[in-house]
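Subject: Structure handover

Hello,

The structure I promised is below, followed by notes on what was found in it. Please read the notes with the model open.

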Amino acid sequence: MIRLVFLSILLFFIGPLYTLCQSTFTYTISTPYDERVFNCAEAENGNLFFVGIRYYPDTISDAAYFLALDQDGNLLFEQEFFTEDTSLYLNDISVIGDSICLFGAKGLTTLGKKNELWMLLLDQNYNIIMNKSMRLEDASIGGVEAIINTKGNFVFCCTIAPSELERNIFMSEVSSNFDSINSSILYLDGREFGFDLLETTDNIYKVFAYGNFPGAPNTLGSIVLFDSMFNYISADSLPYGLHFQHTAQWLNDSVYLVTGEKFLDGGGKRDIGICKMTEDDQFIAGNHFGKGGDTITKAGVSSNMDFNDSGNIYFGGITNVNIAYGIYQHDSWLILENIDSNLNQNWQRFYGGDAGYYLWALKATSDGGCVMMATRYDPEVQDGETDVTIIKVDSNGLLTSTGNGPTIPIQQLAIHPNPASRKITIAYPDIFKFQQKEILIYNIYGNKIYQHDITADISRSYADISSYPNGLYIVVLSVEGKKIASGKVIKY
């Protein structure tokens with residue numbers, strides 16, 4: 001029994017053999033301009049499609065951006081949608097068969113607002129076969145989120161800005177041909193933001209939002225219910241103290257997951273949090289993740305949680321954020337959690353630490369890995385504009401190959417020499433400071449044969465393995481009681 005238990009642990013640490021076939025890469029978009037990538041979709045053949053925006057500071061026009069990469073990170077297609085009299089962006093994307101659906105907003109630069117919900121349909125050769133828009137006369141559209149409902153139609157949830165101080169939630173349903181079916185705006189005093197939405201089995205829409213809704217507590221995280229015609233029903237606060245940056249997805253027919261940020265210690269510390277909920281919004285479980293101490297960890301903005309397998313849920317954000325000085329003026333890390341359906345941590349990885357990072361979205365890929373879409377800012381070489389960094393990792397969160405941009409550091413153990421006969425050096429990134437750390441070594445039978453406790457602010461440790469029998473050993477870094485990183489060493 002002990003050997004069987006350890007076999008599962010061993011497979012977790014060294015990864016299943018099929019991960020050797022998984023692609024990993026980084027892809028960087030670096031221009032003199034500021035740019036973002038907001039979302040991603042995957043085709044059946046593994047090709048990845050991305051949408052975003054490029055800002056031109058010397059004009060009043062923003063350009064929408066579309067990118068296609070193959071599963072190894074090679075460029076297939078790139079297009080910028082730009083006209084001098086129109087400002088545009090693309091915020092969401094879906095792949096349906098051979099068609100690619102792009103969603104965003106646009107508006108005439110003379111109006112100073114993007115007041116048209118914009119929908120594009122591309123064929124497999126990236127030709128535009130449909131281009132339609134829906135105009136809102138007096139509001140600017142932001143944060144377009146789209147789902148396909150039980151009728152096969154697209155349903156959008158957006159945050160609109162009728163004025164500088166107001167924000168309202170706009171919802172719309174269009175056919176597969178992008179013809180308008182129904183739309184509605186929830187007009188309330190103040191600022192209401194809609195982040196994501198789900199459709200229930202009885203055709204009720206849940207919008208995960210922020211704002212002051214009738215008959216509901218004024219909180220930073222709310223569940224707002226609308227009927228099939230987008231009439232407001234009711235609202236309630238999200239449990240577990242979740243705020244902001246909500247992403248929601250059905251785990252099965254009757255249970256969903258919703259994410260956010262969880263304030264701790266009176267708000268001085270912030271982690272990324274996730275809840276498991278029943279269809280009728282009853283709380284089942286919650287968990288939160290971050291870096292120790294008083295570190296602020298923020299959830300990814302556009303889409304911070306995704307999965308193809310309910311036992312391998314990806315959830316991410318950025319950590320080591322210093323909001324007082326601006327998110328890009330301080331070195332930070334992308335944080336990626338892999339959790340199971342009970343919200344227990346499978347593993348945790350950190351990427352970066354060499355610049356200021358910001359996670360916009362992530363996407364679980366069909367090979368078991370994950371794509372992260374981030375912006376990166378190095379104040380030593382950049383002057384105000386950010387670069388896009390796309391990182392594809394395997395199912396163990398490993399990044400084993402690089403691409404066209406800077407090498408992104410990944411938090412994992414470096415063991416030298418390897419193979420080894422006597423003393424080994426175990427190095428890890430200097431991001432855990434004075435937290436309680438442990439270096440553990442296990443033999444092939446799952447027996448812990450070495451433990452070294454560390455509280456000092458150091459990033460390496462040493463172990464003498466000369467007395468151990470020849471064979472394979474698993475080395476684990478545990479921080480504050482959680483297994484953070486692992487590696488393997490061969491003793492000869």
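The largest nonpolar core has 47 residues, and F103, I141, F156 and L336 have the most contacts inside it. A nonpolar core here is a set of buried Ala, Val, Leu, Ile, Met, Phe, Trp, Tyr and Cys residues joined through side-chain atoms within 4.5 Å. Buried means under 20% relative accessible area, exposed over 50%, and partly exposed in between, with a 1.4 Å probe and protein chains only. Strand β27 (residues 345–364) gives this core its largest share, nine residues. Another core lies apart from it and has 36 residues, among them F289, F315, W333 and V475.

Before going on, the basis of these notes: this is a predicted model, in which local features need pLDDT of at least 70 and side-chain atom pairs count only at pLDDT 80 or more, while totals for chains, interfaces and linings use all residues. Residues are numbered from 1 along each chain as its sequence is written, and side-chain values use heavy atoms, with hydrogens and water left out.

Strand β26

Strands are DSSP runs (E, at least two residues) numbered from the N terminus. Strand β26 (residues 332–339) is largely enclosed by the rest of the structure, because eight of its eight residues are buried. On one side these are S332, L334, L336 and N338, and on the other W333, I335, E337 and I339, so both faces are covered.

Two strands pair if DSSP finds at least two bridges between them. Strand β25 (residues 312–321) pairs with β26 in the antiparallel sense over seven bridges, and I313 stands opposite I339 of β26. β26 and β27 also run antiparallel, joined by eight bridges, with L336 opposite R349 in β27. These two strands, β26 and β27, form a hairpin with five residues between them, and L343 in the turn has a positive phi of about 70°.

What does L336 contact beyond its neighbours within four places in sequence? Its partners are Y314, F315, G316, W347, Q348, R349, Y351, L362, C370, M372 and V393, where contact means heavy atoms within 4.5 Å.

The four-stranded sheet

An open sheet of four strands has the order β14-β15-β16-β17, paired antiparallel. β14 (193–199) and β17 (232–237) are the edge strands, each pairing on one side only. From one strand to the next the twist averages 25°. Strand β16 (residues 219–226) pairs with β17 over five antiparallel bridges, and D236 in β17 is the bridge partner of I223.

I415

I415 lies in strand β30 (residues 414–416) and counts as buried, at 9% relative accessibility. Not counting residues up to four places away in sequence, I415 touches I424, T425, V475, G487, K488 and V489. I415 and G487 are 72 residues apart in sequence, yet their C-alpha atoms are 7.3 Å apart in space.

Cysteines

How many disulfides does the structure hold? There are zero, a disulfide being a pair of cysteine sulfur atoms within 2.5 Å. For C101, the nearest cysteine sulfur is that of C40, 15 Å away. C101 is buried, with a relative accessible area of 3%. For C158, the nearest cysteine sulfur is that of C157, 6.5 Å away. C158 is buried as well, at a relative accessible area of 0%.

Regards

How values were computed
Axes fitted to C-alpha atoms, helices over the stretch in contact; angles between N-to-C directions.
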